[in-house]
Amino acid sequence: MKAYWYDNLPGDQREAHDSGREVSPEYLAELGIVHFNYPSVEDVDSLAKDRGYKNRDVITISPDALGPVYEDKVKTFFHEHIHEDEEIRYIVDGSGYFDVRDKGDDWVRIRLEKHDLMIMPAGIYHRFTTDEKNYTKAMRLFQDDPKWTPLNRGTETDTNEHRKAYLTARGI
Ligand code: KMT
Ligand code: NI
């Protein structure tokens, strides 16, 4: 795992876009992001159990797995959105980037590699992309099923109660 501010320069979303300014684990914690490296899936299982997670799936995002819709999927995951529940993402294989908004609404890019696990709080604006290797196999863990849906950023998400609760909890 490596976290840094996104450079906001033009270019394919899958390029590193590393501004050279690193983001500390402490700052990530202030945003509500928690990271672990779990080589054993048993550690994932016990974390999920402790936090009351009931559902999960495994998704492979690659041209091989998705065929002609791969490029569209990659663009869809890159639409900025929130979820109404806390969610866990565990990289089973490959690598990819999660971008999350910082306190000033700038993008922080989090590079996740095989066996990295990230807990994302409800209400944080984020987006995902594969990297230049075009291969991410990820386990997505959900606390419940009704709220899996990504809510794309717009006027409704800014007043969403989960969004407001996130900002209050983080002192933003
Ligand atoms: C999310 O929450 O944005 C996603 O689940 C993206 C795909 S999982 C690597
Ligand atoms: Ni999401």
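1. A residue is counted as near a molecule if one of its heavy atoms lies within 4 Å of it. By that criterion, in this predicted model, the residues around ligand 1 are Phe 77, His 81, His 83, Arg 89, Phe 98, His 126, Phe 128, Ala 138 and Arg 140.

2. At least two shell residues come from each of strand E6 (87-101), strand E9 (126-130) and strand E10 (136-142).

3. Polar contacts to oxygen atoms of ligand 1 deserve attention. A polar side-chain atom of Arg 89 is 2.7 Å from such an oxygen. For the side chain of His 81, the distance from an N or O atom to an oxygen of ligand 1 is 3.1 Å, and for that of His 126 it is 3.4 Å. Ligand 1 on its own exposes 300 Å², of which the protein buries 97%.

4. The space that ligand 1 takes is the largest pocket.

5. Ligand 2 is a nickel ion, and its protein donors are the NE2 atoms of His 81, His 83 and His 126, at 2.0 Å from the ion. The spacing of these donor residues in sequence is H-x1-H-x42-H. Distant parts of the chain are linked by the pair His 83 and His 126, which are 43 residues apart. His 83 belongs to the loop between strand E5 (81-82) and E6, whereas His 126 belongs to strand E9.

6. The two ligand sites may be read together. His 81, His 83 and His 126 are listed among the residues around ligand 1 and are also the protein donors of the nickel ion.

Definitions and conventions
Residues numbered from 1 in each chain as written. Chains lettered and ligands numbered in written order. Predicted model: local features only at pLDDT ≥ 70, side-chain atom pairs only at ≥ 80, totals over all residues. Heavy atoms only, no water. Polar contact = N/O pair within 3.5 Å; in protein donor to acceptor, adjacent residues only side chain to side chain. Areas by Shrake-Rupley, 256 points an atom, 1.4 Å probe, with all protein chains shown as cover. 1 Å grid on protein atoms, 1.4 Å probe; cavity = no way out; pocket = protein on both sides within 12 Å on 5 of 7 lines; lining within 4 Å. Sits in = over half its atoms within 2 Å of the grid points. Helix = DSSP H or I, 4+ residues; strand = E, 2+ residues; numbered from the N terminus. Donors = N, O, S within 2.8 Å, 3.2 Å for Na, K, Ca; no water.
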